[in-house]
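Welcome! Please take a moment to look over the sequence and the 3D structure shown here before reading on.

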Amino acid sequence: MIFDCHTHTKFSADSEMRAADAIACAQTFGNGIIFTEHYDYELPGEIDFTFDAKSYFSEYKNFRSDSVRLGVEIGLRKVAREANRNFLAKGDFDFVIGSIHVVDDIDIYNPKFFADKDKSAAYRKYFAVMAEEAAAEDFDALGHIDYICRAATYTDPEIDYATFKPEIDAVLKILVERGKILELNTRRLDKIRGLKELVPVYQQYKNFGGKYITIGSDAHKVEAVCANFERAMEFARELELQPVSFCRRKLEV
């Protein structure tokens with residue numbers, strides 16, 4: 001079974017999606033689903049992007065099944081490492097995504113992050129932090145490697161692997177060496193240029209020894225569950241990467 005391995009319901013501060021609705025939507029595609037609620041310790045801003053693990057498992061325990069899993073998306077950040085470890089110890093999570101949302105104590109969704117940097121400086125810093133945290137933290141899959149492109153204020157926000165090859169390669173090598181998975185986030189797969197720029201990144205991941213990917217919509221609304229999955233599956237087939245899921249933090253092929 002193919003799983004949508006990256007979704008957010010009401011336990012995430014930026015989502016009000018009902019779990020039952022998300023499950024029903026995934027079922028229409030014949031897919032399973034993993035809820036990966038945001039846990040971003042002290043994310044800059046006024047919104048609290050954390051949640052209570054006990055309440056999460058208590059409320060969603062009856063949803064858990066062969067096709068429904070309970071996970072978390074933790075914000076990878078040096079100052080959050082201890083908090084992340086303590087949080088993961090509080091629950092029997094099926095799957096943990098590790099994502100970079102903050103660089104230099106600025107949420108990279110905030111235009112302020114880009115205001116005093118050219119694209120080269122911003123992206124190199126982003127990938128440098130990603131490599132540092134990917135080497136240090138506990139997670140199963142690295143989330144949305146192209147996240148920075150979503151809010152970048154530059155005329156051309158795409159990654160451009162050739163330009164940032166040393167920095168991206170450092171991230172990919174760490175993932176393979178640690179046995180971590182690279183997520184294929186489907187949020188931007190409807191952007192032809194964005195999809196094209198991901199190809200050499202995932203090809204290099206494979207060249208370094210990566211075999212598996214998780215596929216996740218990053219859905220915060222029902223209509224986004226399993227979005228662009230046909231393109232994702234075609235992408236995986238062409239690059240000969242195997243989509244996988246996790247249960248009790250064990251890889252399932």
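## The chain as a whole

Let us begin with the overall picture, keeping in mind that this is a predicted model. The secondary structure of the chain consists of 8 helices and 12 strands. Along the principal axes, the C-alpha atoms fill a box of roughly 50 × 40 × 35 Å.

How does the radius of gyration compare with that of a compact globule? For 253 residues, such a globule would have a value near 18 Å, and the chain has 17 Å, so the two agree. Of the 253 residues, 57% are buried. Contacts across the sequence tell a further part of the story: among those with a separation of 6 or more, 78% are between residues 24 or more positions apart.

Next, please find helix α6, residues 165-178, and helix α7, residues 192-207. Two packed helices are described by the angle between their axes and the distance between those axes. Here the angle is about 45 degrees, and the axes of α6 and α7 lie 9 Å apart. An angle counts as roughly parallel under 35 degrees and as roughly perpendicular from 65 to 115, and α6 and α7 are therefore oblique to each other. The crossing of α6 past α7 is right-handed.

Which residues bring the two helices into contact? From α6 come K165, I168, D169, L172 and V176, and they meet V201, Q204 and Y205 of α7. Sorted by class, the contact between α6 and α7 has 5 nonpolar residues, 1 polar residue and 2 charged residues.

## Two loop residues with positive phi

Finally, here are two residues to look up in the loops. Most residues other than glycine have a negative phi. E42 is not a glycine, yet its phi is positive, at about 50 degrees. You can find E42 in the loop between β2 (32-39) and α2 (53-60). Is E42 buried or exposed? Its relative accessible area is 54%, and exposed means over 50%, so E42 is exposed.

N228 also is a residue other than glycine with a positive phi, in this case near 60 degrees. The loop that holds N228 runs between β9 (212-216) and α8 (229-239). The relative accessibility of N228 is 24%, so N228 counts as partly exposed, a class that lies between the 20% and 50% limits.

Key: Residues numbered from 1 in each chain as written. Predicted model: local features only at pLDDT ≥ 70, side-chain atom pairs only at ≥ 80, totals over all residues. Heavy atoms only, no water. Axes fitted to C-alpha atoms, helices over the stretch in contact; angles between N-to-C directions. Helix = DSSP H or I, 4+ residues; strand = E, 2+ residues; numbered from the N terminus. Parallel < 35°, antiparallel > 145°, perpendicular 65-115°, else oblique. Left-handed = near helix turned anticlockwise from the far one by under 90°. Contact = heavy atoms within 4.5 Å. Nonpolar A, V, L, I, M, F, W, Y, C, P; charged D, E, K, R; others polar. Rg over C-alpha atoms; globule rule 2.2 N^0.38 Å. Buried < 20%, exposed > 50% of the residue type's maximum accessible area, 1.4 Å probe, protein only.
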